[in-house]
Amino acid sequence: MQKYNSKYADNMLADANLRGDHIRRIVETIAGYGYPGIDIDYRGIHPDLRAEYTAFISELADGLHQAGKQ
(Lines give C-alpha, C1' and ligand atoms only; values in the text may rest on other atoms or scores of the structure.)
Protein backbone atom coordinates (compact mmCIF):
# COMPACT_ATOMS: atom_id res chain seq x y z
CA MET A 1 0.00 0.00 0.00
CA GLN A 2 1.35 3.41 -0.98
CA LYS A 3 1.66 6.02 1.75
CA TYR A 4 0.67 9.53 0.70
CA ASN A 5 2.52 12.60 1.90
CA SER A 6 -0.14 15.24 2.36
CA LYS A 7 2.26 17.85 3.80
CA TYR A 8 2.29 19.80 0.52
CA ALA A 9 -1.48 19.70 0.09
CA ASP A 10 -1.96 20.65 3.74
CA ASN A 11 0.35 23.66 3.35
CA MET A 12 -1.42 24.75 0.17
CA LEU A 13 -4.85 24.46 1.78
CA ALA A 14 -3.80 26.34 4.91
CA ASP A 15 -2.54 29.38 2.97
CA ALA A 16 -5.20 31.30 1.01
CA ASN A 17 -2.59 32.75 -1.37
CA LEU A 18 -1.12 29.33 -2.18
CA ARG A 19 -4.63 27.92 -2.55
CA GLY A 20 -5.61 30.66 -4.99
CA ASP A 21 -2.42 30.18 -7.01
CA HIS A 22 -2.98 26.42 -7.14
CA ILE A 23 -6.55 26.93 -8.35
CA ARG A 24 -5.42 29.42 -11.00
CA ARG A 25 -2.79 27.00 -12.29
CA ILE A 26 -5.26 24.11 -12.43
CA VAL A 27 -7.81 26.19 -14.36
CA GLU A 28 -5.15 27.51 -16.75
CA THR A 29 -3.84 23.99 -17.40
CA ILE A 30 -7.30 22.51 -17.97
CA ALA A 31 -8.34 25.33 -20.29
CA GLY A 32 -4.97 25.50 -22.05
CA TYR A 33 -4.95 21.83 -22.97
CA GLY A 34 -8.66 21.72 -23.75
CA TYR A 35 -9.48 19.13 -21.10
CA PRO A 36 -13.15 18.97 -20.09
CA GLY A 37 -12.33 19.01 -16.38
CA ILE A 38 -10.30 17.42 -13.61
CA ASP A 39 -10.71 14.82 -10.89
CA ILE A 40 -9.25 15.80 -7.52
CA ASP A 41 -7.81 13.05 -5.31
CA TYR A 42 -5.82 14.57 -2.46
CA ARG A 43 -5.39 11.86 0.16
CA GLY A 44 -4.38 12.09 3.77
CA ILE A 45 -5.27 15.73 4.27
CA HIS A 46 -5.28 16.70 7.93
CA PRO A 47 -8.83 16.59 9.35
CA ASP A 48 -8.42 20.07 10.84
CA LEU A 49 -8.29 21.43 7.27
CA ARG A 50 -11.83 20.36 6.42
CA ALA A 51 -13.09 23.94 5.99
CA GLU A 52 -10.07 24.87 3.88
CA TYR A 53 -10.50 21.80 1.66
CA THR A 54 -14.17 22.63 1.19
CA ALA A 55 -13.24 26.21 0.27
CA PHE A 56 -10.63 24.89 -2.19
CA ILE A 57 -13.11 22.62 -3.94
CA SER A 58 -15.75 25.34 -4.07
CA GLU A 59 -13.32 27.97 -5.41
CA LEU A 60 -11.90 25.50 -7.92
CA ALA A 61 -15.39 24.58 -9.14
CA ASP A 62 -16.22 28.27 -9.56
CA GLY A 63 -13.03 28.87 -11.57
CA LEU A 64 -13.56 25.83 -13.75
CA HIS A 65 -17.21 26.67 -14.41
CA GLN A 66 -16.27 30.23 -15.40
CA ALA A 67 -13.88 28.68 -17.94
CA GLY A 68 -16.64 26.37 -19.20
CA LYS A 69 -15.01 23.31 -17.58
CA GLN A 70 -15.97 20.73 -14.97
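This is a predicted model: local features need pLDDT of at least 70, side-chain atom pairs count only at pLDDT 80 or more; totals for chains, interfaces and linings use all residues.
In the protein chain, 66% of the contacts with a separation of 6 or more are made by residues 24 or more positions apart. Taken along the principal axes, the box filled by the C-alpha atoms of the protein chain is roughly 30 × 30 × 15 Å. Of the 70 residues in the protein chain, 24% are buried, and the accessible surface comes to about 5100 Å², with 50% of that area belonging to carbon and sulfur atoms. The charged side chains comprise 8 positive and 10 negative ones, and the centres of these two sets are placed 5 Å apart.

Helix H2, which covers residues 16-33 and thus has 18 residues, reaches 26 Å from its first C-alpha to its last, a span close to the 26 Å expected at 1.5 Å a residue. Its buried residues are seen, down the axis of H2, to fall within an arc of 95 degrees, so they line one face of the helix. These buried residues of H2 are Arg19, Ile23, Ile26, Val27 and Ile30. An α-helix has 3.6 residues a turn, so residues three or four places apart point the same way.

When residues up to four places away in sequence are not counted, Asp10 touches Ile45, His46 and Leu49. Asp10 and Pro47 are 37 residues apart along the chain, and a distance of 9.8 Å separates their C-alpha atoms.

Arg50, by contrast, lies in helix H3 and has a relative accessible area of 66%, so that Arg50 is classed as exposed, the cut-off for this class being over 50%. Arg50 and Leu13 are 37 residues apart in sequence, while in space the distance between them, C-alpha to C-alpha, is 9.3 Å.

Technical notes: Residues are numbered from 1 along each chain as its sequence is written. Side-chain values use heavy atoms; hydrogens and water are left out. Buried means under 20% relative accessible area, exposed over 50%, partly exposed in between (1.4 Å probe, protein chains only). Contact means heavy atoms within 4.5 Å. Accessible areas come from the Shrake-Rupley method with a 1.4 Å probe; for residues, only the protein chains shown count as cover. Lys and Arg count as positive and Asp and Glu as negative; His and the chain ends are not counted. The place of a charge is taken as NZ of Lys, CZ of Arg, CG of Asp or CD of Glu. Helices (H or I, at least four residues) and strands (E, at least two) are DSSP runs, numbered from the N terminus. The expected span of a helix is 1.5 Å times one less than its number of residues. The arc is that of the directions from the helix axis to the C-beta atoms.
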